Amino acid sequence: AVRPRGRGGRRLVRAAVMTAPGVVEITSLDDPAPGPGEVVLDVAAVGLCGTDLHVLAGEHGRLPVVPGHEVTGTVVALGSGVDRLRVGDRVAVDPNLPCRACRWCRSGRENLCPDLGALGVTTTGGAAELMAAPAASCVVLPDHVDLVAATLVEPLSCAVRGYDVLASRLGATVLVYGAGTMGLMMLELAKRTGAVRVDVVDTNAEKLRRAELLGCSATAPAAEQLDRGEGWDVVVDATGSATAIQDGLSRVARGGTFLQFGVSAPGDRVELSPYDVYRREITVTGSMAVLHSFQRAVDLFAAGVLDPAVFLTRQAPLEQYREAIDAFARGEGLKTQVLP
């Protein structure tokens, strides 16, 4: 279909825009033109994520913004200097935009960049018919990979980073708080990194059923209902809930590790006993976004490490972005996608 014309005769594309805290508008924007080193994508799908809720609430990122950082699409235009990609390539997009000049970027810790930006968080994302993206951020998908389902690559790359931090040893017992998309991905990776037991806690019975479907050892609405008096070698919070985090810290076995993987509100606080950390040699660590894990996530996804049918539970057209993100916020289903 021929799109209407905007400023200077450029065609218009439909997009969702978070204009202010709690406000989403569906509007028309100028068709993006690729800058040097960029490509333009015909967006196939964008996944919704807890980070989108924080952006909409004004807690993270920068408003106004076109959201969407879990993006796949087809290359339709190339900017100058782009020679690695071709028109027609199907790609998944690493949304992170480090400055590449600070101390942390120069030492290979780009995810710790103080000025870290991200597509769909601090600058235009994928909740639009077309989007511009750095060519260097685009990873070509194998031919057999479904383009729409591959929005799962971005969250999977975060889970891969989490396991890089954990360096989990063979034979570990693992407790995961949260049976949403990220918690279930951590479950799947735990099973493949030598865990002998993986238990999952969530207050949502439907999500616990999905964890059981994926072969976890046990589920419960509260960790105290699981028979593990000595604790777990690895405890992962995939909720961001201060209540869950507080409880999880008390469930770490002697010599074990607590991983803060879920995204909390910046003002959240929990209590921690320094003596307990000292006496039981507990490690408390975090995992922030993606670090050198996106290509591995594409490879794992292509190899079938995840069953998309388990994770993808709702799809909506772009015009229903508001309804889709509201349903996601209510905890309906698992992974919601918007199809521009």
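Good morning. Six strands form an open, parallel sheet in the order β12-β11-β10-β13-β14-β15; strands here are DSSP runs of E with at least two residues, helices are runs of H or I with at least four, and both are numbered from the N terminus. Two strands pair if DSSP finds at least two bridges between them. At the edges stand β12 (218-220) and β15 (283-286), each pairing on one side only.

The model is predicted: local features need pLDDT of at least 70, side-chain atom pairs count only at pLDDT 80 or more, and totals for chains, interfaces and linings use all residues. Residues are numbered from 1 along each chain as its sequence is written, and side-chain values use heavy atoms, with hydrogens and water left out.

Strand β11 (residues 197-201) pairs with β12 in the parallel sense over three bridges, and Val200 stands opposite Thr219 in β12. Helix α4 (residues 181-192) packs on the sheet and touches β10, β11, β13 and β14, where contact means heavy atoms within 4.5 Å. The direction of α4 makes about 170° with that of β11; axes are lines fitted to C-alpha atoms, for helices over the stretch in contact, and angles run from 0 to 180 degrees between N-to-C directions.

Helix α3 (residues 153-166) lies across β10 (173-177), β13 (232-237), β14 (252-260) and β15, at about 150° to β14.

Finally, which residue has its charged end over the ring of Trp104? That residue is Arg103, 5.3 Å from the ring centre; the rule asks for NZ of Lys or CZ of Arg within 6 Å of the ring centre and within 35 degrees of the ring normal. Thank you.
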